[in-house]
Amino acid sequence: MARVLSGIQPSGKLHIGNFFGAIRQHLALQSENEGFYFIADYHAMTSNPSADELRKRSLEVVMDYIALGLDTNKTVFWRQSDVPEVTELAWILSCVTPMGLLQRCTSFKDKVAQGLSPNHGLFAYPVLQAADILAYHSNLVPVGADQKQHIEVTRDIAQRFNNFYGEVLTIPEDYILDEVAVVPGLDGRKMSKSYDNTIEIFEPESSVKKKIMRMQTDSTPVEEPKDPDKCNIFALLRLVASKEEIQEWDQKYRAGGVGYGSTKKRVVELMHEYFRPYRAKRTELENNIDFVKQVLADGAARARSIARKTLDEVRKAVGLGA
Ligand code: ADP
Ligand code: TRP
């Protein structure tokens, strides 16, 4: 059985773009593989959240994942910072990581180009990510296409380490998540917390409704034919409607005579129906924080014992300790 590992940054409330683009796929991978998922709170520190924000958001992501179907009996789920061994491993790996490899990372270069004044954590981010992956001898790392380069960097670092010190680390494969579902945000751009155009998975139904009803559409009159492939509301419909219903709406669009208002109303209903069972579970968890903390504690214990073993082997291989 392959070990599938991925980290989720607790950098804001999870939105339906995260759900359809990543979370749903993470959860699907649990059944046939050994799932290892964690809250990347060390990584989130690179954008300097306040202590309260970081703690609160981390717990929220955990509750979101459990409510959405994380199998707490099978999948190992923990908070990155509960396994501090990864930071020691990151240091050791950083000593076999050429500067140039990190300087070429586009996610770092993009942030600098946007005018962000980078801290060292942001520069060293991919090395910590490599430590996350290598500490647990992960085989598959499901990530969005934007993270592919970081997995290549991980493979490169692991190979360099093994060349210097012997075959200690497992070289992971990347696993690029299905990009079919790039979910549009309220303004038509990709839904992203950085664009402030999101629908959060667990925001109140009334607010989901308000947002969808106000989504931007073009000004094609009701009677004219419309192109479903160019409509943001239609893109949301595709995520939550049955195949037959999508087909029906497709024909109605092309025939003309249907206004965006009616599609919006239907999307609101379907969105509510889709998330309603998860919503109930989410509320239940909020009232049972002890259970949530126990899941994290159990996950941390499992994860930590594996990371400890890897680190002992790594320390021995590089000449640290007795
Ligand atoms: P954000 O853009 O809100 O900061 P992240 O970059 O933290 O989101 O993304 C976390 C995961 O969710 C990634 O795997 C990413 O590919 C996926 N994701 C984010 N936004 C979307 C979207 N609009 N459509 C599809 N997938 C998305
Ligand atoms: N960098 C990833 C992101 O922003 C999060 C992450 C941290 C991660 N460590 C990881 C993903 C290890 C996969 C494996 O989405």
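Which helix gives the most to the lining of the largest cavity?

1. Helix α12, spanning residues 260-286, does, with four residues in that lining. Bear in mind throughout that the model is predicted.

2. The cavity count is one, taking those of 30 Å³ or more. The volume of the largest cavity is about 50 Å³.

3. Its lining is made up of Ile16, Ile199, Glu200, Ile201, Val208, Met271, His272, Phe275 and Arg279. By class these divide into six nonpolar residues, one polar and two charged.

4. Turning to the ligand site, ligand 2 is surrounded by 14 residues. The closest include His43, Tyr125, Gln129, Asp132 and Gln147. The shell comprises seven nonpolar, six polar and one charged residues.

5. Which elements supply at least two residues each to the shell around ligand 2? They are β1 (3-8), α7 (120-135) and β4 (140-143). The largest share is that of α7, at four residues.

6. An N or O atom in the side chain of Tyr125 is 2.7 Å from a nitrogen atom of the ligand. For Gln129, the distance from a side-chain N or O atom to a nitrogen atom of ligand 2 is 3.0 Å. Gln147 likewise places a polar side-chain atom 3.0 Å from a nitrogen atom of ligand 2. Taken alone, ligand 2 exposes 370 Å², and the protein buries 88% of that area.

Key:
Residues are numbered from 1 along each chain as its sequence is written. Chains are lettered from A and ligands numbered from 1 in the order in which they are written. This is a predicted model: local features need pLDDT of at least 70, side-chain atom pairs count only at pLDDT 80 or more; totals for chains, interfaces and linings use all residues. Side-chain values use heavy atoms; hydrogens and water are left out. On a 1 Å grid over the protein atoms alone, a cavity is a set of points where a 1.4 Å probe fits but cannot get out, and a pocket is an open set with protein on both sides within 12 Å along at least five of seven lines; lining residues have an atom within 4 Å of a point. Grid points are joined across faces, edges and corners, and a volume is the space filled by probe spheres set on the points. Ala, Val, Leu, Ile, Met, Phe, Trp, Tyr, Cys and Pro count as nonpolar, Asp, Glu, Lys and Arg as charged, and the others, Gly among them, as polar. A residue is near a molecule or strand if one of its heavy atoms lies within 4 Å of it. A polar contact is a pair of N or O atoms within 3.5 Å; within protein, one must be able to donate a hydrogen and the other to accept it, and residues adjacent in sequence count only if both atoms are side-chain atoms. Accessible areas come from the Shrake-Rupley method with a 1.4 Å probe; for residues, only the protein chains shown count as cover.
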